[in-house]
Amino acid sequence: MVRPPRGVLRGSRRALAAAFALLLWAGAAGAQALKPVTVAKGLQHPWSLAFLPDGRMLVTERPGRLRVVSAQGALSRPLQGVPAVDHRGQGGLLDVAVDPQFKDNGWIYLSYAEAGDGGNATAVARAKLQGERLTDLAVIFRQTPRYDGGNHFGSRLVFARDGRLFITLGDRFSLRDQAQALDNHLGKIVRIEPDGKVPADNPLARRAGAKPEIWSYGHRNVQGAVLHPTTGELWTHEHGPQGGDEVNIAEAGKNYGWPVITYGREYGTGFKIGEGDAKPGMEQPLIHWTPSIAPSGMAFVTSDRYPGWQGSLFVGALRNQALLRLELDGRKVVRQERLLQTLNERIRDVRQGPDGWLYVLTDSEDGKVLRLQR
């Protein structure tokens, strides 16, 4: 990745960058010592993990495999019945989520890059988990339009407290201007019922010419999403272009600006994108990073496993090969801490387990599930 030319950051942008730099520290001083314990290994580019009620984990591998990991770390064979995926670039089998009513209905949900006429797009399917096989597979959502490319699929799945399903969708990189158009799913977060139907109270459900599934828009590539444990709000983060990675709270019907406003710059040239970094009617991020950290995965800590860290937001970083802890005061980020840098691993996902420990996935040909103990 090429850095912007000298002088790109000026005025308030430079002041903001300096302010955020002061909030960062390497994590050696004052950080709690974390002991990464390998739970499972030998995973090829694992992308997501989700916990079943009995403590087992579902783990996706981007080439198209879904596995079950026991609480003791035993790795199953690839499950049968997984949908075909378009594994190229950033595409493949991506997120996995467990239905809040799993004990009663057995449903799990998968997001993935699906090939078809005109290219590929993010799709979401649900199926029932029966031993080492998926049954009753049905596609409940398909992003439109398709595009022949390998980038920006978004794909995080989050169940709201009311049982509706949020799906994050990328702008497909080359179609970024479509993130501002409401007649497509590019650069959007959508909200659907677990069976794929559109909730009647969606913010754009009755707007002529708008896709009724849309919850929020003006996003680039959201690869982190989680509910706030107290408020139930949907917190997200997304990749910026050569800087400008963001954390946002995705609220109904709001516009998050991409590509009209951004703190990032054009690749290679460092030229400005759009109209600047702020505009009326477009939301500002809670925090942004330049240079880019390439965020992926997101979790709040609510357990007492890490004294003093309750309420902190954890963000995986691919480019920075770290786990970031964001200390919060309401919606304000007051401090950042970078952890696990000595692992030299790309952190793809982070989740709090039912045992209260944090679990992370490392993104490599020999990816691992790590439990972060003290």
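Visitor: Where does Leu340 sit?

Guide: Leu340 is in the loop between β21 (332-339) and β22 (347-352); strands here are DSSP runs of E, at least two residues, numbered from the N terminus. Bear in mind that this is a predicted model, where local features need pLDDT of at least 70, side-chain atom pairs count only at pLDDT 80 or more, and totals for chains, interfaces and linings use all residues. Residues are numbered from 1 along each chain as its sequence is written, and side-chain values use heavy atoms, leaving out hydrogens and water.

Visitor: What is the phi of Leu340?

Guide: Most residues other than glycine have a negative phi, and most peptide bonds are trans. Leu340 has a positive phi, near 65°.

Visitor: Is Leu340 buried or exposed?

Guide: Buried means under 20% relative accessible area, exposed over 50%, partly exposed in between (1.4 Å probe, protein chains only). Leu340 counts as buried because its relative accessibility is 11%.

Visitor: And what about Arg172?

Guide: Arg172 is not a glycine, yet its phi is positive, about 65°. Look for Arg172 in the loop between β11 (165-168) and β12 (188-192). With 1% relative accessibility, Arg172 counts as buried too.

Visitor: Which residues does a cis peptide bond join, with omega about -5°?

Guide: Those are Trp258 and Pro259, and Pro259 lies in the loop between β16 (245-250) and β17 (287-289). The bond from Thr144 to Pro145 is also cis, with omega near 0°; Pro145 belongs to the loop between β9 (133-142) and β10 (157-159).

Note on methods:
Helices (H or I, at least four residues) and strands (E, at least two) are DSSP runs, numbered from the N terminus.
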